Amino acid sequence: MDIKQMRYFLAVAQEGHFGRAAERLNMAQPPLTRHIHALEAQLGTALFVRTPKGATLTAAGQTLLAEVPNILSLTRRAEEQTRLAGDGYIGRLDVGIFSSGILDVIPRLLADFHTERPEVKIGLHNLSKMEQIAALRERRIAIGFNRLIPDEPDLVVDWIHREPFLVALYEGHPLCKRASLTLADLDNERMILYPNAPVPGLAEEVAAAFRAEGVTLRVEQEVEDVVTSIALVASRFGVCVTTESAANLRLPGVVYRPLKSQRLRSIELNCMYRRDDDSPILAAFLALMRASRTRRHSRPM
């Protein structure tokens, strides 16, 4: 049986009359009769008893009637779910994140996407930059967020947000008295750098800026992530050049001051995804991300 035959059978069974069923189906009666005859021949049994008043179900017809509505309901659900998946309204989005990336923009983007498409399951994976690149190629994630991403021919890199640099100081440090700081103010200060990763990142950007401005960089600690770095500042191990989003940590004993530097003016938060990924869920997320970016950066300063 095909779906059309089941719909024709159900109409006749419910109407009890070939003529009324044909009207309901917006078709002529003879083709409907032929379809029912073909179905009976295919099943090898009569489904209706034709009477002067119409048609009544045989025992075989009653058995089929008990099943057909459920089959048609499942078919409609399958069609609907397929359309939703094709439009990116159901499915899964696996996302690669990193420590400081979850302090501001990314959670809001993911929350907005969840509100817009609540049936899409969002999977979060805390991965380093190189781990994200590997996970993208292995199709374990669909999109990754990071900074200072290297050029890769099979990946697309897009920017999400630009944020200024800050200096994190511990309370009582003499530099807390200043409204803003320069790298020269940090000459020979005990510095905490992050991340201590094998690929270029924020630590290398800070070190290069110190060299470019002829300022002595005194490295006290090198750590993996922003949370550890700011926690060490709070414990008075030293001070740290970080990004604006780190101020959302609000650890007690930490004071933030803007950094005024020609080289360290702002840093981009980026996303990366496979160039050949045609997933409708990814396309929907990227559209939301770009619309959000436009709104943020079109606001008057």
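Student: Which residues of helix 1 meet helix 3?

Tutor: Contact means heavy atoms within 4.5 Å, and helices (H or I, at least four residues) and strands (E, at least two) are DSSP runs numbered from the N terminus. In this predicted model, Lys-4, Gln-5, Tyr-8, Phe-9 and Val-12 of helix 1 meet Leu-32, His-35, Ile-36, Leu-39 and Gln-42 of helix 3. By class, this contact has 6 nonpolar, 3 polar and 1 charged residues; Ala, Val, Leu, Ile, Met, Phe, Trp, Tyr, Cys and Pro count as nonpolar, Asp, Glu, Lys and Arg as charged, and the others, Gly among them, as polar.

Student: At what angle do the axes of helix 1 and helix 3 cross?

Tutor: Axes are lines fitted to C-alpha atoms, for helices over the stretch in contact, with angles from 0 to 180 degrees between N-to-C directions. The axes of helix 1 (residues 3-15) and helix 3 (residues 29-43) cross at roughly 110° and come within 10 Å. Helix 1 is therefore roughly perpendicular to helix 3, a term for angles of 65 to 115 degrees.

Student: Which conventions apply to the model?

Tutor: Residues are numbered from 1 along each chain as its sequence is written. Local features need pLDDT of at least 70, side-chain atom pairs count only at pLDDT 80 or more, totals for chains, interfaces and linings use all residues, and side-chain values use heavy atoms, leaving out hydrogens and water.

Student: Where does the largest pocket lie?

Tutor: On a 1 Å grid over the protein atoms alone, a pocket is an open set of points with protein on both sides within 12 Å along at least five of seven lines, and lining residues have an atom within 4 Å of a point. Domain bounds come from an automatic or database domain assignment. Domain 2 (91-160 + 268-297) and domain 3 (163-267) both give residues to the lining, so the largest pocket lies between them. The volume of this pocket is about 470 Å³, where volume is the space filled by probe spheres set on the points, joined across faces, edges and corners. Of its 24 lining residues, Phe-98, Ser-128, Asn-146, Pro-195 and Glu-224 are the closest to the centre. The lining has 13 nonpolar, 7 polar and 4 charged residues.

Student: Which peptide bond is cis?

Tutor: The bond from Tyr-194 to Pro-195 is cis, with omega near -10°. Pro-195 belongs to the loop between strand 7 (190-193) and helix 7 (202-212).

Student: What is the phi of Leu-148?

Tutor: Leu-148 has a positive phi of about 50°, although it is not a glycine. Leu-148 is in the loop between strand 5 (143-146) and strand 6 (155-170).

Key
Parallel < 35°, antiparallel > 145°, perpendicular 65-115°, else oblique. 1 Å grid on protein atoms, 1.4 Å probe; cavity = no way out; pocket = protein on both sides within 12 Å on 5 of 7 lines; lining within 4 Å.
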